[in-house]
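Open the model in your viewer and keep the selection panel to hand. Each stop below says what to select and what is there.

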Amino acid sequence: MVSTQESPARPAQGTGPVLACMSVCTALVVGFVAAINLAVPKLAASSLQPTSSGVLWIVDAYVVIFACLVIPAGAAGDKLGRKGTLVTGLGVFAAGAVISALAPNVPIMLAGRAVTGLGAACVLPNCVGVLLHATAPQRRPHALAVWAAASGIGGVVGNVGGGAVLTVGSWRTLFAAVAFVAACCLVWVSRSAPSSARHDRTLDVPGTLLSVTAVVALLIGIIEGPERGWGSPAVITAFACGILLSLCWVLVELRVAHPMLDPRLFRDPALSSAGLGMAITFFGNFGLFYVNASLLQYGRGFSVLQAGLGIIPLTVPLLVGTRYVPALIRRVGVPATLCAAFLLTSAGLVALSYASSLAYPAYAAGLVVIGLGIMLAAPCLTAEIAAALPVERAGIAGGLQSATRELGSALGVAVVGTVLTAGFTHRLPGGLSEHTPAPHTVKEAFALAPSEQAAITDAFTQGADTALRAAALVVLLAGALVVAGARRGRRVPR
């Protein structure tokens, strides 16, 4: 039932400004994940004096809060109004960035990062909600394809923009610049986005709390796995709690009258495979981002800015070809499109692993192939998730799409980082590999053995190549499951 507090608006006749605005907001909150990785060296050497664990949580606090609140924030937008929730989220995001820019110590920095993550959780799903509401049904596949491309490009925007800002300023400058862009987006949304209807659905507090705690537990396990070891008691406990809380969430959601996200929806193989597909797409994407910046800097001697610019070839297919994807899907179908997407992504990752020692154009060609895979996968999967839920639940659809992506991104960084570290330490020169504890980063190894820089760099490059091949294998195998689910979904009437 629609509340009388905010009247429903008709889809806008000209959706171009809304689409552009939602795409920029999306690129901002996604790109901030990548940009902060470039600031890690400056943060580690800053007056904050963070420990290695502190640096890790400065990076990951944003991702944890973002991922665990994105579905509840989408539900809040459906109930309270998507435009208002989006505007509030941008304000909170900007405030968190300001807190981080002014932080005198690590606890205040972590608080700022958490606040920024809360804002991002309100922004991303409600961008989808606003866009679906503002777009006529026949134009939604195109709009979702463009939005999905912006989501894929966001990581590259973060690399390039973050590299540019950090080249001329400090890490504090980066946070200040992000706050300024968020404030500009807030004004833009206020002026261009239409208001949508509010729906009288009770907020599912037990389901929300269980989903949040389950995702937090899973993310703690994923994030701490590479640092503590995947078999450590803390990591095993985190995963066990995540699984147990997820089961409790399912039981609660099956009993409440208005569940935040009805688990029965996942009986639809198209929806469940699309969620897995989104996670796998960004597993490969952010696994690549984790390796790429260091590989270009250590392996090729690129500066921070050059490393940010070096990822640009990946965006070419997204910028040029995205508008043709909806027509391609109508012609060849979802399973064939996804099959091509995961084959291309996997092949591109393998190509990069063999091109790390070749001239940069060969490396750039591998990036273009990966970009083709993302270009096909992201719009297709976004449309599948949106189609599985009614338009009045667009906020939840956006939240589900965002949550699976953030989980996939976190898992990609964790798995690729683990394989990279293991390969790097195994290949270090004898004296370093026997050092206790063994250095886990190139910087630590350089400090212990300055005369062995060439051998250390070679060890890192070989470890990165192994990590890229491992990511390619995961994408290929999991992608086969996604394609199989998509085929079953074509045979099951919705």
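The tour visits a helix, then the salt bridges, then a loop.

This is a predicted model, in which local features need pLDDT of at least 70 and side-chain atom pairs count only at pLDDT 80 or more, while totals for chains, interfaces and linings use all residues. Residues are numbered from 1 along each chain as its sequence is written, and side-chain values use heavy atoms, with hydrogens and water left out.

**Stop 1: helix H7**

Select residues 171-192. This is helix H7, with 22 residues. Helices here are DSSP runs (H or I, at least four residues), numbered from the N terminus. From first C-alpha to last, H7 reaches 32 Å, close to the 32 Å expected at 1.5 Å a residue. That expected span is 1.5 Å times one less than the number of residues.

Now colour Trp-171, Leu-174, Phe-175, Val-178, Ala-179, Ala-182, Cys-185 and Val-189: they are buried. Buried means under 20% relative accessible area, exposed over 50%, and partly exposed in between (1.4 Å probe, protein chains only). Look down the axis of H7: its buried residues fall within an arc of 135°, so they line one face. The arc is taken from the directions from helix axis to C-beta atoms.

What do the buried residues of H7 pack against? Show helices H1 (16-38), H2 (40-44), H4 (82-102), H5 (106-134) and H6 (140-168). Then turn to the other side of H7, where Phe-180 and Arg-191 are exposed.

Finish at the N-terminal end of H7. Ser-170 caps it, with a side-chain oxygen 3.2 Å from the backbone nitrogen of Arg-172.

**Stop 2: the salt bridges**

How many salt bridges does a search of the whole structure find? The search finds 3. The criterion is a side-chain nitrogen of Lys or Arg within 4 Å of a carboxyl oxygen of Asp or Glu.

- Select Asp-78 and Arg-82: their side chains meet at 3.1 Å, N to O. Asp-78 is buried at 1% relative accessible area, and Arg-82 is buried at 3%.
- Select Glu-406 and Arg-405: the closest N and O atoms are 3.5 Å apart. Glu-406 is buried at 4%, and Arg-405 is buried at 1%.
- Select Arg-264 and Asp-262: their side chains meet at 3.2 Å, N to O. Arg-264 is partly exposed, at 34%.

**Stop 3: Pro-263**

Select Pro-263, in the loop between helix H9 (233-253) and helix H10 (269-300). Pro-263 is buried, at 13% relative accessible area. Leaving aside neighbours within four places in sequence, Pro-263 is in contact (heavy atoms within 4.5 Å) with Trp-249, Val-250, Glu-253 and Leu-254. Pro-263 and Glu-253 are 10 residues apart in sequence and 6.9 Å apart in space, C-alpha to C-alpha.

Note on methods
Helices (H or I, at least four residues) and strands (E, at least two) are DSSP runs, numbered from the N terminus. A polar contact is a pair of N or O atoms within 3.5 Å; within protein, one must be able to donate a hydrogen and the other to accept it, and residues adjacent in sequence count only if both atoms are side-chain atoms.
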